[in-house]
Amino acid sequence: MAVGSKVAFVARFLGRRPAYTYEITEYEPGRRLVMRTDEGPFPMETTYTWEPYGEGSDRTRMTLRNRGAPSGFASLGAPVMAAAMRRAQHKDLAALKALLER
């Protein structure tokens, strides 16, 4: 993985399976990853950060941030889509946490 790499991504969202190609725009191994896409209903940027957490730094806190700006017809449903994205993200992160804690 390096800046400029492309990553194929297929999601399940609102009963659909949108496919995106993200481009890595920032990458600091073990610390930060930023990906952007200009495909789909609106351009999106996803940022992951990792940092030591807890006493002795034996844990890692991951932060995930999605940003996007719908335009045209998609902008009409932006508030509903944002809420749905938050719910899906929380569900996905809970599933990831459960897998990692096995």
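Me: How do you know that strand 1 and strand 2 pair, and in which sense, parallel or antiparallel?
Reply: This is a predicted model. Two strands pair if DSSP finds at least two bridges between them. Strand 1 and strand 2 (residues 19-28) have five bridges, in the antiparallel sense. The pair therefore meets the criterion. Among the partners, Lys6 bridges to Glu23 in strand 2.

Me: What is the order of the strands in the open sheet?
Reply: The open sheet has five strands in the order 1-2-3-4-5, with antiparallel pairing.

Me: Why does one side of strand 1 and of strand 5 lack a neighbour in the sheet?
Reply: Strand 1 (6-10) and strand 5 (59-68) stand at the edges. Each has a single partner strand, so one side of each is left without a neighbour in the sheet. On average, neighbouring strands of this sheet are turned by 25° against each other, direction ignored.

Me: What makes strand 3 and strand 4 a pair?
Reply: The cut-off is at least two bridges. Strand 3 (residues 32-37) and strand 4 (residues 44-53) have six, in the antiparallel sense. They therefore count as paired.

Me: How many aromatic pairs does a search of the whole structure find?
Reply: Two.

Me: Why is the pair of Tyr20 and Tyr22 called tilted?
Reply: Ring centres must lie within 6.5 Å, and these are 6.3 Å apart. Stacked needs planes under 30 degrees apart, edge-to-face over 60. The angle here is 45°, so the pair falls in the rest, tilted. Tyr20 and Tyr22 are both buried.

Me: Why is the pair of Tyr48 and Trp50 called stacked?
Reply: Their ring centres are 6.1 Å apart, within the 6.5 Å limit. Their planes stand at 10°, under 30 degrees, so the pair is stacked.

Me: Why does Tyr48 count as partly exposed?
Reply: Buried means under 20% relative accessible area, and exposed means over 50%. Tyr48 has 22%, so it falls in between.

Me: What makes Trp50 partly exposed?
Reply: Trp50 has 28% relative accessibility. That value lies between 20% and 50%, so partly exposed is the label.

How values were computed:
Residues are numbered from 1 along each chain as its sequence is written. This is a predicted model: local features need pLDDT of at least 70, side-chain atom pairs count only at pLDDT 80 or more; totals for chains, interfaces and linings use all residues. Side-chain values use heavy atoms; hydrogens and water are left out. Helices (H or I, at least four residues) and strands (E, at least two) are DSSP runs, numbered from the N terminus. Axes are lines fitted to C-alpha atoms, for helices over the stretch in contact, and angles run from 0 to 180 degrees between N-to-C directions. Rings of Phe, Tyr and Trp (its six-membered ring) pair if their centres lie within 6.5 Å; planes under 30 degrees apart count as stacked, over 60 as edge-to-face and the rest as tilted. Buried means under 20% relative accessible area, exposed over 50%, partly exposed in between (1.4 Å probe, protein chains only).
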